[in-house]
Amino acid sequence: MTIEHVAVVGATGDLGFGLALHWATAGIEIVIGSRAAERAENAATRLKALVPNARVSGLVNEAAASSSDVVVVTVPFAGHAEIYKSIADHIREDAVVVDCTVPLATAVGGRATQTLGVWHGSAAQQAQSLMAKGKGVLCAAFHTLAAGELENLEAPIEGDVLVCGSKKDAKKRVAELVDAIPDLRYVDAGRLENAKLVEPLTALLVGINIRYKTRAGIRITGLPED
């Protein structure tokens, strides 16, 4: 099954908007979610200006979450729990939910090169604990992309996307999202609990990028070509 429609909750931020922009360019219909309808609509208008043939609309988070079988959540950790509580009952039973949040210390006024301890183990596992029973299957992905570079459609976004999740069928759907963006490669990183190992890579990369003044990513070597 080819993904035709994606809801991006938090697409008014750099990561969410950048992902939505690339998926819209690939022909996927996008619903941008925000806490405020006006912000969502403004982001949709901005995306449409960049991709004139894009199919995009803006809705409040709850309506966005209920609109699609694929929901991507790209929100800062400070608002992570609140957002999931607000959309939990609106997620479709058969939806694949992709959590992209990293528990950076910026959530409490700290540095982007550090992460916070999460009681559940990771932001993704916290998200799973907040989802309504029987509503959606959670995966974790897209943590190691340089969010600020995604809006430049002319610049290749190279690297591997490490995807964690406990359901193979759900991870196949995430693989389709990865494949829709040129120069990215899907890598199965195991079960959802492995997100506690993947999420901190963001803070590691932030530090590397500051020191080397670059936009480094992650590449896993030695994998089969296919």
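Which residue in E5 is the bridge partner of Val 70? The bridge partner is Val 96, and the two strands concerned, E4 (residues 70-73) and E5 (residues 96-99), pair in the parallel sense over four bridges. Helices (H or I, at least four residues) and strands (E, at least two) are DSSP runs numbered from the N terminus, and two strands pair if DSSP finds at least two bridges between them.

This is a predicted model, in which local features need pLDDT of at least 70, side-chain atom pairs count only at pLDDT 80 or more, and totals for chains, interfaces and linings use all residues. Residues are numbered from 1 along each chain as its sequence is written, and side-chain values use heavy atoms, with hydrogens and water left out.

**The sheet**

Eight strands make up an open sheet of mixed pairing, in the order E3-E2-E1-E4-E5-E6-E7-E8. Its edge strands, each pairing on one side only, are E3 (56-60) and E8 (184-188). From one strand to the next, the twist averages 25°.

Buried means under 20% relative accessible area, exposed over 50%, and partly exposed in between, with a 1.4 Å probe and protein chains only.

Thr 45 and Ser 57 are twelve residues apart in sequence, and their C-alpha atoms are 8.0 Å apart in space. Arg 173 and Lys 196 are 23 residues apart along the chain, with 21 Å between their C-alpha atoms. The buried residues of H6 include Ala 170, Lys 171 and Val 174. The twelve residues of H6 (residues 168-179) should span 16 Å at 1.5 Å a residue, which agrees with the 16 Å between its end C-alpha atoms; the expected span is 1.5 Å times one less than the number of residues.

**The largest pocket**

The largest pocket holds about 660 Å³ of space. Of the 30 residues that line this pocket, the closest to its centre are Leu 15, Leu 104, Leu 145, Ala 147 and Thr 202. A pocket here is an open set of points on a 1 Å grid over the protein atoms alone, where a 1.4 Å probe fits, with protein on both sides within 12 Å along at least five of seven lines, and lining residues have an atom within 4 Å of a point. The volume is the space filled by probe spheres set on the points.

Helix H1 (14-25) and helix H8 (201-212) each supply at least two residues of the lining, and H8 gives the most, with four residues.

Technical notes
Axes are lines fitted to C-alpha atoms, for helices over the stretch in contact, and angles run from 0 to 180 degrees between N-to-C directions.
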